[in-house]
Every structure is written in structure tokens, then in C-alpha cells.
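Please keep the sequence and the structure in view while reading.

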Amino acid sequence: MSNEKTGLLAGPDGVARCFWHGNLPDYLHYHDHEWGRPVADDRRLFEKICLEGFQSGLSWLTILRKRENFREAFAGFDFDKVATFTERDVERLLGNAGIIRHRGKIVSTINNAKRAREMVDEFGSLAAWFWKFEPGREERPQTVDLAHLRANPTTAVSVRISKDLKKRGWTFVGPTTVYAFMQAMGMVNDHLEGCVCRKEVEKERKAFKRPK
């Protein structure tokens, strides 16, 4: 199958998948076991929205390969802990060669941890807030193919979420960053038609208990 036309790539097992993992073992594992599977855990949601911010201008693979370093540096993305980080922590993180040493993105993560705490106070959980934006069937394409994904790096829903987050004081949460977060956390199923994971993910999304 032509990767260019279908966006599908045969894995080492000969099975068709979305092309973007490039059959790199760690990326392939992420594609098969994480990407697009619905998440309701606040810490994982917070981690992902922050790491998507760090990814801005870089590849997700770069971030994925540093993810354990990020987890260690940011207290496992426990936002109650990250919210207490001080300027001394910023300097410590800027000296950490295992993460992306970008002052703006580090400061943003600490700021966003404080905003996350406020949202938990207001809505009970981050999951309850994010999942209330889940797109309805009428907001989704009939077929998820390569042409659709290339034409839609953002959506009306990701724009709405981005605006609301920014209004609440979050940073590094533009519509493209938010849509990548939605795809990864299973708020939408953007595995391509013909990818072995598409039906599995659809099944998981149907069984998933939406947080209230």
C-alpha cells in the first residue's frame, strides 16, 4: 500500500497501521498501546497537555524519548506538587540536560499546574472539564483518511478548548497543541481508516465511562 495515498504503513508484522511511527520500535509501541486510547486520569491529562506544549516546534518523538526524564523532573506531573515550584526549581530544570531547557515552557508548566488546581476545585477533575468538550458525531468526519488529517491540524472544538484554557490563564495551549492532545488522549479517534488500531480504539471509546 502506498504510504503517500493511504497514510498506511505495514509494520514488522505485516499489519497496516498509521504511517507516522515509521516502524521505530518505541514509536510503534506508543502508536499501538497509547495514542488515541481514552484517558480519564488527571495526572496523565496534565502531563500530556504540558508535553504537547514542550513539543511546540519539535517532533513528538523527541519528547517521547525524553518523557521519563520529564516525569522525574516534574514530580511525575503531580500538578499539586508542580504548582509549588519556585524560581529555584526553574533554574534546576534549566540545568537538566534530559529535558527541553526552554525557560518559557518550564515556567508555563508551573503556571498551568496552578491553573489545573483551580479547575479541579471548580469542576471536580481535569477529566470532567476536558471531556465535556468531546466532539459529537456531527462534528467528526465520516471517514478519517490522510487528506482529512492533513487538512485539519485544528478543529472548531480545539479552538474552543484553547480559547477557554487561555481565558483561565493557561499558556502554550494553542489550537494545534490542543488538537494533538485530543487525538492522543482519545477524545477523538484519528487512527486512519484501515489501521489495525482503529477498531480497537473505537471499541475502547464505546466502553469508556465519560467523567462527570
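## The second largest cavity

In this predicted model, the second largest cavity is lined by Ile49, Cys50, Gly53, Phe54, Lys105, Ser108, Thr109, Asn112, Thr171 and Phe172. The space inside this cavity amounts to about 50 Å³. Two helices, H3 and helix H7 (103-123), each contribute at least two residues to the lining.

Sorted by class, the lining of the second largest cavity comprises 4 nonpolar, 5 polar and 1 charged residues.

## The largest cavity

Over the whole structure, a search finds 2 cavities of 30 Å³ or more. The largest cavity holds about 80 Å³ of space. Around it are Tyr30, Glu34, Arg44, Glu47, Lys48, Leu51, Trp60, Arg67, Arg71, Ala184 and Met185.

Which helix supplies the largest share of this lining? The helix is H3, with 4 residues; H3 and H4 each supply at least two. The lining of the largest cavity contains 5 nonpolar and 6 charged residues, and no polar ones.

## The largest pocket

The largest pocket has a volume of about 560 Å³. Its lining consists of 23 residues, and those nearest the centre are Trp20, Trp35, Gln55, Ala180 and Gln183. At least two lining residues come from each of H2, helix H3 (42-55), helix H9 (146-151) and helix H11 (175-184). The greatest contribution is that of H11, with 6 residues.

In terms of class, 12 residues of the lining of the largest pocket are nonpolar, 7 are polar and 4 are charged.

## The second largest pocket

The second largest pocket contains about 480 Å³ of space. It is lined by 19 residues, of which Arg137, Arg140, Arg198, Glu202 and Arg205 are the closest to its centre. The lining of the second largest pocket divides into 10 charged, 5 nonpolar and 4 polar residues.

Buried here means a relative accessible area under 20%. The buried residues of H11 are Thr177, Val178, Tyr179, Ala180, Phe181, Met182, Gln183 and Ala184.

Against which helices do the buried residues of H11 pack? They pack against H2, H3, helix H8 (126-131), H9 and helix H10 (156-167). Just after H11, Gly186 adopts a positive phi of about 80°.

## The crossing of H2 and H4

The axes of H2 and H4 come within 11 Å and cross at roughly 90°. The two helices are therefore roughly perpendicular to each other. On the side of H2, the contact is made by Asp26, Tyr27 and Tyr30; on the side of H4, it is made by Trp60, Leu61, Leu64, Arg65 and Arg67. By class, this contact includes 5 nonpolar and 3 charged residues, with no polar residue.

Some of these residues also belong to another feature.

## Individual residues

Two residues other than glycine have a positive phi. The phi of Asn23 is near 60°, and Phe77 has a phi of about 60°. Asn23 lies in the loop between strand E2 (16-18) and helix H2 (25-33), whereas Phe77 lies in the loop between helix H4 (60-73) and helix H5 (79-82). Phe77, at 0% relative accessibility, counts as buried.

Lys81 lies in helix H5. With a relative accessible area of 47%, Lys81 is partly exposed. Between Lys81 and Ser59 there are 22 residues of separation in sequence and 27 Å in space, C-alpha to C-alpha.

Definitions and conventions. Residues are numbered from 1 along each chain as its sequence is written. This is a predicted model: local features need pLDDT of at least 70, side-chain atom pairs count only at pLDDT 80 or more; totals for chains, interfaces and linings use all residues. Side-chain values use heavy atoms; hydrogens and water are left out. Buried means under 20% relative accessible area, exposed over 50%, partly exposed in between (1.4 Å probe, protein chains only). On a 1 Å grid over the protein atoms alone, a cavity is a set of points where a 1.4 Å probe fits but cannot get out, and a pocket is an open set with protein on both sides within 12 Å along at least five of seven lines; lining residues have an atom within 4 Å of a point. Grid points are joined across faces, edges and corners, and a volume is the space filled by probe spheres set on the points. Ala, Val, Leu, Ile, Met, Phe, Trp, Tyr, Cys and Pro count as nonpolar, Asp, Glu, Lys and Arg as charged, and the others, Gly among them, as polar. Axes are lines fitted to C-alpha atoms, for helices over the stretch in contact, and angles run from 0 to 180 degrees between N-to-C directions. Angles under 35 degrees count as roughly parallel, over 145 as roughly antiparallel, 65 to 115 as roughly perpendicular and the rest as oblique. Contact means heavy atoms within 4.5 Å.
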